[in-house]
Amino acid sequence: MDRSAPPPRELLAIALDVARDAAATAYRMRTEGVSVAATKSTVTDVVTAADRAVERQVVDALHRLRPDDAVLGEEYGTGDTGPVRPGGVRWIIDPIDGTVNYLYGLPYSAVSLAAEVDGVVVAGVVRNVNTGEEWTATIGGGAWRDGIRLRCSAETDLGQALVGTGFGYDAGRRAHQAQVVAGMIAHVRDIRRLGAAALDLCLVAEGRLDAYFEKGLAAWDLAAGGLVAAEAGVRVAGLAGRPPGADLVLAAPPALFEPLHDRLAALDASGGP
């Protein structure tokens, strides 16, 4: 029996159906009222009942549709899905990216779902829970929102760039990140901190942000949004030739990547706690 992964477009079709249902659940639960269910790294790093319910819904749906696939989620990890077989699919879930925004009723949170094959993300969707905006991508197939193919910003001057970023929850890390922002802000048009990494990456994909950087992202923060950005022509990487990851994610158009990279390196953006 052929157990190889299906084409990316088929995986995206599954991701779309599952993410849309999940976003509808998250929206409904928000209208019904939401409260903190637990905390993670610090008392300000919250988990809501909706985070857990939405992730469980996504995992259950994927198990029904593709029972042999592995799953990695923010709230439950790998659960009982087991290891990824060679050539198999691993789904990467952030049930509610931007949980604090969600808790406070700010309209900037999303369901993020990506499909990975042999360590490479090949399909992904990010859906804003509040607005229904939806970004999709397949590897080699481009990035899209509402039927429009996306291209990143054409800005070439770092001094004119609107740059997104984010902060961790550990006090020491936040202090270091604040120093980086203080050293950066005089060299760009302005800085935005919107509070949901997957959505930030999608905004870079369509030029609503010129670039984005952040330390401390996990796989579920980066997977789908990172593919959307890359397929829109964004360079997504770490510092000093490293891949994007927990040390740093830098997403910028080619013309802005090197000057922004060099400024972040000088500020030791990947350092600190």
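Visitor: Why is P244 called partly exposed?

Guide: In this predicted model, P244 has a relative accessible area of 30%. Buried means under 20% and exposed means over 50%, so P244, at 30%, counts as partly exposed.

Visitor: Where is P244 found?

Guide: P244 sits in the loop that runs between β13 (235-237) and β14 (249-252).

Visitor: Which residues does P244 touch, leaving out those up to four places away in sequence?

Guide: P244 touches L222, V236, A237, G238 and V249. They count as contacts because heavy atoms lie within 4.5 Å.

Visitor: How many Å separate the C-alpha atoms of P244 and Q179?

Guide: These two C-alpha atoms are separated by 21 Å, and the residues are 65 apart along the chain.

Visitor: Now to the sheet. What is the order of the strands in the open sheet of 7 strands?

Guide: The order is β3-β4-β5-β6-β7-β8-β9, and the pairing is mixed.

Visitor: What makes β3 (70-73) and β9 (148-149) edge strands?

Guide: β3 and β9 each pair on one side only.

Visitor: How do you know that β3 and β4 pair?

Guide: Pairing takes at least two bridges. β3 and β4 (residues 89-97) are joined by 4 bridges, so they pair, and they run parallel. In β4, W91 is the bridge partner of V71.

Visitor: Which strands does helix α5 touch?

Guide: Helix α5 (residues 197-205) packs on the sheet and touches β4, β5 (110-117), β6 (120-128) and β7 (134-138). The direction of α5 makes about 100 degrees with that of β6.

Key. Residues numbered from 1 in each chain as written. Predicted model: local features only at pLDDT ≥ 70, side-chain atom pairs only at ≥ 80, totals over all residues. Heavy atoms only, no water. Helix = DSSP H or I, 4+ residues; strand = E, 2+ residues; numbered from the N terminus. Buried < 20%, exposed > 50% of the residue type's maximum accessible area, 1.4 Å probe, protein only. Axes fitted to C-alpha atoms, helices over the stretch in contact; angles between N-to-C directions.
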